[in-house]
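The following exercises concern the structure shown below.

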Amino acid sequence: MQEPLISARNIKKYFKVKEGTVKAVDGINFDIYPGETFGLVGESGCGKSTTGRTITRLLEPTEGEMFFEGEDIFKLPKSELRKRRRDFQFIFQDPYASLDPRMTIEEIVSEPLEIYKVYNNAKDRRQRVLELLNLVGLSEEHASRFPHEFSGGQRQRVGVARALALRPKFIVCDEPISALDVSIQAQVINILIELQKKMDLTYLFIAHDLSMVKYISDRVGVMYLGNMMEVATSDELYSNPLHPYTIALLSAIPIADPKIQREKNRIILQGEVPSPIDPPNQCPFVDRCSRAQDICRKSKPEFREVRDNHFVACHLVEQKLSH
């Protein structure tokens, strides 16, 4: 069995606020294997982006272990972490906010190379920058321009080029297409897939768009209110979802054919997402679940493997499997 590149164990990230403690990420577990794309989906505010930032230590964790190639990076001192950070990079959600408007594209992409002193001279560094721009579909003439001269899709390509500069093994793609037009989204996704094959990359792909996640991901995790609800291979999750929240999410995927769309059994979730401030010890989804029973309010369900490589956090999953 192949060893995972990433093993996240009991990851927690809490924020102290006046009203109490916001449990943004509350003890989640997952593995990501070399060369695969692990999709992470869920509603806005469920903790997806906080998870990505915490496992790469852009945010310091409250608790947990995060093994990268067998080494717990949460235990590394800052000096060691800086050396290790070459191996994992981040593509940010907003291509308008993540690029310094005062720097040229060449300066933005070459900055990681300068920080890590990868090349001894400016000529080699520039050559590497041009290679990277070419990889993401930009040319030499773009190198001297500033971010405001580019469209959203072009800016996100620059963000991808910068993330690739140090030849990382793992990249967190934090909703990299949500701020882009639909036609541009497909281009950026295809670039990511192509680069993954070419450079043997491993992705954590965070997104809202469930159909896009299915297209790019090998396995998918579903988050709700800081908790992991279900993890399975992409095909298994989309064809045989077990958690009521996953079932509701998948029912919301639009279908291009109006006739099929009208006949589709759409599940409308009632109520609002509860507050993540000091949540009670119960199933996080209990207030919006049509199948909830007494046991769901008495304790938080364990996240466990119910089928081969299919993990679910639900007290009632046995009932679903027996039907």
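Two strands are said to pair if DSSP finds at least two bridges between them. The model to which this is applied is a predicted one.

**Exercise 1. The open sheet**

Task: Determine how strand 4 and strand 5 pair, and over how many bridges.

Solution. 
Step 1. The pairing of strand 4 and strand 5 is antiparallel and runs over two bridges. The requirement is at least two bridges, so the two strands count as paired.
Step 2. An open sheet of four strands, with antiparallel pairing, has the order 2-1-4-5. Its edge strands are strand 2 (20-32) and strand 5, each of which pairs on one side only.
Step 3. The loop between strand 4 (63-68) and strand 5 (71-72) holds Glu 69. Although Glu 69 is not a glycine, its phi is positive, at about 55 degrees. Its relative accessibility is 38%, so Glu 69 counts as partly exposed.

**Exercise 2. The nonpolar cores**

Task: State which residues touch the most other members of the largest nonpolar core, and which helix supplies the largest share of this core.

Solution. 
Step 1. The largest nonpolar core has 64 residues, and those that touch the most other members are Val 109, Leu 133, Ile 171, Leu 192, Leu 195, Phe 205 and Tyr 238.
Step 2. Helix 6 (residues 182-199) contributes six residues, the largest share of this core.
Step 3. Apart from this core lies another, of 27 residues, which includes Val 25, Cys 46, Phe 74 and Phe 90.
Step 4. The surroundings of Ile 171 can be listed, leaving out residues up to four places away in sequence: Ile 171 touches Gln 89, Ile 91, Ala 163, Leu 164, Leu 201, Thr 202, Tyr 203 and Leu 204.
Step 5. Val 109 belongs to helix 3 (residues 105-115), where Ile 105, Ile 108, Val 109, Ser 110, Pro 112 and Leu 113 are buried. The cover over the buried residues of helix 3 includes helix 4 (122-135) and helix 5 (152-164). Lys 117, with a positive phi near 50 degrees, follows helix 3.

**Exercise 3. An aromatic pair between distant parts of the chain**

Task: Classify the geometry of the pair formed by Tyr 224 and Phe 285, and decide whether each of Tyr 224 and Phe 285 is buried or exposed.

Solution. 
Step 1. The aromatic pairs number seven. In the pair of Tyr 224 and Phe 285, the centres are 5.2 Å apart and the planes stand at 85 degrees. An angle over 60 degrees counts as edge-to-face, so this pair is edge-to-face.
Step 2. The partners lie 61 residues apart: Tyr 224 is in strand 9 (residues 219-224), and Phe 285 is in the loop between helix 10 (258-263) and helix 11 (294-298).
Step 3. Buried means under 20% relative accessible area. Tyr 224, at 1% relative accessibility, is therefore buried; Phe 285, at 2%, is therefore buried as well.
Step 4. Ring pairs join Tyr 224 and Phe 285 with Tyr 245 in a cluster.
Step 5. In the loop between strand 9 and strand 10 is Leu 225. Leu 225 has a positive phi near 50 degrees, in a residue other than glycine. With 10% relative accessibility, Leu 225 counts as buried.

**Exercise 4. Helix 9 and His 243**

Task: Explain why helix 9 is described as largely enclosed, and describe the contacts of His 243.

Solution. 
Step 1. Helix 9 has eight residues, of which seven are buried, so the rest of the structure largely encloses this helix. The buried ones are Pro 244, Tyr 245, Thr 246, Ala 248, Leu 249, Leu 250 and Ser 251.
Step 2. Among the elements covering these buried residues are helix 7 (210-216), strand 9, strand 10 (227-233) and helix 8.
Step 3. His 243 is placed in the loop between helix 8 (234-239) and helix 9 (244-251). His 243 has a relative accessible area of 1% and is buried.
Step 4. Neighbours within four places in sequence aside, His 243 is in contact with Met 229, Glu 230, Phe 285, Val 312, Ala 313 and Cys 314.
Step 5. A polar atom of the His 243 side chain lies 3.1 Å from the backbone oxygen of Ala 313.

Methods:
Residues numbered from 1 in each chain as written. Predicted model: local features only at pLDDT ≥ 70, side-chain atom pairs only at ≥ 80, totals over all residues. Heavy atoms only, no water. Core = buried A, V, L, I, M, F, W, Y, C linked by side-chain atoms within 4.5 Å. Buried < 20%, exposed > 50% of the residue type's maximum accessible area, 1.4 Å probe, protein only. Contact = heavy atoms within 4.5 Å. Phe/Tyr/Trp six-rings, centres within 6.5 Å; stacked < 30°, edge-to-face > 60°. Polar contact = N/O pair within 3.5 Å; in protein donor to acceptor, adjacent residues only side chain to side chain.
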